[in-house]
Amino acid sequence: MRTTTVVVGAGHAGLATSFFLGERSIDHVILERGEVANTWRTERWDSLRLLTPNWQSRLPGLGYDGDDPDGFMTMPEVIDFIARYAAAIDAPVRAQTTVTSVQRRDDGFVVETDAGTWECRSVVVASGAYNAPKVPAVASAVPSRIHQRTAFDYLRPSDLPEGAVLVVGASATGVQIAQEIHGSGRPVTIAVGGHVRMPRSYRGRDIQWWLDRTGLLDERYDEVDDIVRARRVPSPQLVGSPERVRVDLNTLTDQGVELVGRFAGMSGSTAQLSGSLRNQCTLADLKLGRLLDTIDEWATADGLDAAAGPPERFAPTRVADSPRLAIDLDGGEFATIVWATGYRAEYSWLHIPVLDRKGELRHDGGVVSDSPGLYRIGLNFLRRRKSSFIHGTEDDARDLTSHLAAYLGTRVPV
């Protein structure tokens with residue numbers, strides 16, 4: 001089978017790419033290992049909601065049309081939104097088709113699947129940034145009596161054994177899971193490393209409204225001093241809920257969750273915890289203050305001070321005088337560890353030498369210069385700060401399909 005472009009993945013990023021390929025009349029197919037929005041269907045916990053308000057849930061040619069623009073979509077609602085989008089643009093999706101190999105051949109690519117082989121001139125990798133959990137190697141040294149889960153396979157508290165839970169990681173995923181498990185009646189301790197503290201609302205507006213209006217989300221990858229570092233910034237401590245609540249470490253402390261330092265290693269059956277908890281929290285508080293200063297300065301310059309609420313500042317993160325530095329995991333207190341330590345993309349099927357020593361794809365804003373005709377979409381800060389959000393995909397997809405079209409125009413057809 002032949003086509004001009006193969007898109008790998010039928011999530012929101014792959015579908016947005018399809019929209020712009022269609023606008024340019026570029027023949028293409030979308031290969032999806034499951035169904036449309038497969039990651040949202042199969043790899044998220046039950047109670048998860050989007051961190052962005054509904055008014056930001058938009059893809060090229062389709063925006064939110066419900067009656068709750070300031071609410072936050074549940075996973076079934078996200079799946080329905082993306083599925084409706086695929087139908088609306090008549091996306092050429094081949095579902096239940098797993099890509100097993102992508103290789104270069106002459107001036108194009110060969111894409112092997114469990115349902116046949118495709119030859120094409122270009123490939124867009126839209127397979128998601130969260131295909132597998134990042135679990136530290138030290139997890140293998142945890143005593144066998146401890147039940148271990150990752151945020152990737154955690155679904156609900158009732159799946160966990162009775163007993164205390166250690167949640168490792170304090171970004172958006174970690175704080176949400178810690179709060180939910182604690183609400184189920186289990187004692188929870190959260191191991192805190194680097195994190196980004198952010199209020200749900202500020203001066204009477206959702207924080208995403210401010211980030212959008214100030215242009216912070218539109219900052220480009222080629223405008224920052226260290227894009228590698230920027231792409232590794234943890235997701236902010238935000239939760240989407242009907243009550244629009246703020247969930248940060250102070251919230252968890254008020255509810256009875258214990259804060260400890262970063263999970264640093266194992267010594268026998270003892271988990272060793274970093275003594276940097278206070279420093280990590282102070283750093284996050286300082287960064288929050290700088291963000292709010294930036295918003296206030298912009299509001300004044302744009303004449304919004306009168307319409308917005310007064311400037312706010314939030315209490316520093318409270319840290320116990322002597323957080324414990326070790327936990328005996330054979331002592332009977334803890335039954336479970338949930339590793340909320342992030343996700344990674346999975347490229348075992350990409351048989352082209354374009355990965356670095358950490359297994360990450362080398363690219364320049366989604367353009368894989370080491371392999372002309374190969375593109376990547378759907379990664380954190382791919383081309384803009386908003387790249388990881390559903391609404392941030394539109395600009396990235398437009399840019400990359402423009403580049404792809406120019407590339408095709410300079411190549412002799414296969």
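A salt bridge here is a side-chain nitrogen of Lys or Arg within 4 Å of a carboxyl oxygen of Asp or Glu. By that rule, Arg-220, Asp-222, Arg-383, Arg-384, Asp-396 and Asp-399 are linked in a network, and the structure holds 30 salt bridges. This is a predicted model, in which local features need pLDDT of at least 70 and side-chain atom pairs count only at pLDDT 80 or more, while totals for chains, interfaces and linings use all residues. Residues are numbered from 1 along each chain as its sequence is written, and side-chain values use heavy atoms, leaving out hydrogens and water.

Now look at Glu-162 and Arg-186, whose side chains meet in a salt bridge (3.4 Å, N to O). The pair links distant parts of the chain, 24 residues apart. Glu-162 is exposed, at 65% relative accessible area, whereas Arg-186 is buried, at 6% (buried is under 20%, exposed over 50%, partly exposed in between, with a 1.4 Å probe and protein chains only). Asp-206 and Arg-200 also form a salt bridge, with closest N and O atoms 2.9 Å apart; Asp-206 is buried at 7% and Arg-200 is buried at 1%.

Helix H4 covers residues 172–183 (helices, H or I, of at least four residues and strands, E, of at least two are DSSP runs numbered from the N terminus). Its buried residues include Val-175, Ile-177 and Ile-181. After H4 comes Gly-185, with a positive phi near 105°.

Finally, helix H9 (residues 393–409) gives the largest cavity four of its lining residues, the largest share (a cavity is a set of points on a 1 Å grid over the protein atoms alone where a 1.4 Å probe fits but cannot get out, and lining residues have an atom within 4 Å of a point).

Definitions and conventions
Expected span 1.5 Å × (residues − 1).
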